[in-house]
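Student: I'd like to learn how to read a ligand site and the strands of a model. Could you walk me through one?
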Amino acid sequence: MVKTMEKFVVTPWEVKGEVNYDKLVKDFGTKKIDEKLLKRVERLTGKLHYMLRRGLFFSHRDFDIILNEYEKGQQFALYTGRGPSGQVHLGHLMPWIFTKYLQDKFGTELYFQMTDDEKFLFGQKEKLEETNKLAYENALDVIAVGFDPKKTFIFADTDYAKTLYPIAIKVARLTTFSTAKAVFGFKNESNIGSIFYPAMQAAPCFLPSILKGRNTRVLIPAAIDQDPYWRITRDVAPKLGFPKPAAIHSKFIPGLAEGGKMSASIPDSCIFTTDKPEDAKRKVMKAFTGGAATVEEQRKHGGKPEICSVFQYYAFLFEDDDKKLEERRNACKSGALLCGECKKELAERVAKFLKEHQKKREQAKKQLDKFVVKD
Ligand code: TYM
């Protein structure tokens with residue numbers, strides 16, 4: 001279990017407190033994405049994605065090795081996923097938007113895991129039928145992001161078990177309970193399905209190698225909360241004769257309330273892709289900002305964009321122009337831009353985004369068969 005001494009926690013199940021990302025890089029043993037790596041990606045892809053330019057994707061494991069081999073003509077595969085415990089929120093969309101950029105730029109296949117087993121085993125839903133249904137509901141959001149149907153394979157664990165299970169048991173055989181306990185914090189009371197589950201999330205790391213019949217490196221774009229899975233997978237990879245999976249890690253889009261990650265259990269802290277645009281607007285207008293108590297004070301002293309959830313939403317998803325983002329930051333700090341106005345503009349952008357996303361999500365219903373693979 002990766003708990004740190006400071007007042008924040010990052011595990012695959014819990015993100016709490018003010019995350020110190022530098023400390024996470026140290027504790028997790030990952031590498032920061034540095035200027036040299038950014039220059040390389042820029043050379044290979046043209047203009048850098050704003051999530052790289054702004055350090056929103058900030059850390060990695062072996063991304064440099066992926067690029068070394070790509071430059072030598074070795075294609076890699078992308079792997080990411082979703083735990084279908086409810087509707088998708090904007091935080092989940094962030095790594096998927098970045099994954100689409102990688103698919104477009106590198107022409108890669110994407111393997112997308114829907115962990116209906118995980119969300120049942122860890123008790124987010126009482127019924128397996130429910131998480132399985134949600135897997136296909138959530139797949140509509142994935143498709144709406146715009147992935148290439150010829151190169152994207154979405155699977156729900158319980159419907160693809162015949163393929164995944166033989167890989168998972170090979171991982172499980174090489175992973176002891178004491179390792180799983182140390183990495184994930186399992187207890188004697190943990191159900192045995194949850195203890196096995198990490199082997200299921202490891203399995204797609206080796207799936208492209210198995211399906212293609214030749215070793216294929218996998219790059220996993222996700223927020224850094226999922227990294228503990230890759231740690232155990234990387235340990236067993238050489239023993240199974242596969243390359244270690246590489247990962248590229250993002251920061252977390254904060255909740256609309258003060259501090260912490262978005263939490264699906266606090267509906268007003270996050271915007272779901274299925275929210276009515278009017279409801280989403282209301283959530284934005286109620287959001288925590290870095291504003292002063294009165295208009296006079298704010299005009300005089302300015303706001304604090306660094307602690308403002310509204311500003312973070314611009315930075316993470318709703319302003320891809322760096323110059324405009326800087327203008328907004330400065331206008332806030334100088335007191336020229338007040339929170340009401342800034343929130344109203346964001347609310348409009350969010351509503352527009354949701355309308356478009358929901359249209360694509362509707363169209364995705366007809367495309368589901370092109371993306372889903374089952375046994
Ligand atoms: P899940 O459903 O919790 O999250 C799906 C993806 O969204 C990322 N994420 C966020 N990113 C930015 N800001 C946030 N506030 C935020 N909240 C969540 C997660 O890191 C993840 O990338 N066990 C996984 C499912 C899974 C998976 C994978 C995820 C299976 N295989 C491979 C990533 C890669 C889960 O429950 O994700």
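Predicted model: local features only at pLDDT ≥ 70, side-chain atom pairs only at ≥ 80, totals over all residues.

Student: How many residues surround the ligand, and which are the closest?
Tutor: There are 25 residues around the ligand, and the closest are Tyr79, Arg82, Gly83, Glu118 and Asp225.

Student: Which polar side-chain atom lies 3.1 Å from a nitrogen atom of the ligand?
Tutor: That atom belongs to Gln226. The backbone takes part as well: a polar backbone atom of Gly91 is 3.1 Å from a nitrogen atom of the ligand. For a ligand oxygen, look at Arg82, where an N or O atom of the side chain is 2.8 Å away.

Student: How much of the ligand does the protein bury?
Tutor: Start from the ligand taken alone, which exposes 690 Å². The protein buries 98% of that area.

Student: Now the strands. Where do side chains point in a regular strand?
Tutor: As a general idea, they alternate between the two faces of the sheet. Here, strand E6 (residues 109–114) pairs with E7 in the parallel sense, over five bridges. Within that pairing, Gln113 stands opposite Phe155 in E7.

Student: Why is E7 described as largely enclosed?
Tutor: Count its buried residues, taking buried as under 20% relative accessible area. Four of the five residues in E7 (residues 152–156) are buried, so the rest of the structure largely encloses this strand.

Notes:
Residues numbered from 1 in each chain as written. Heavy atoms only, no water. Buried < 20%, exposed > 50% of the residue type's maximum accessible area, 1.4 Å probe, protein only. Helix = DSSP H or I, 4+ residues; strand = E, 2+ residues; numbered from the N terminus. Pairing = 2+ DSSP bridges. Near = heavy atom within 4 Å. Polar contact = N/O pair within 3.5 Å; in protein donor to acceptor, adjacent residues only side chain to side chain. Areas by Shrake-Rupley, 256 points an atom, 1.4 Å probe, with all protein chains shown as cover.
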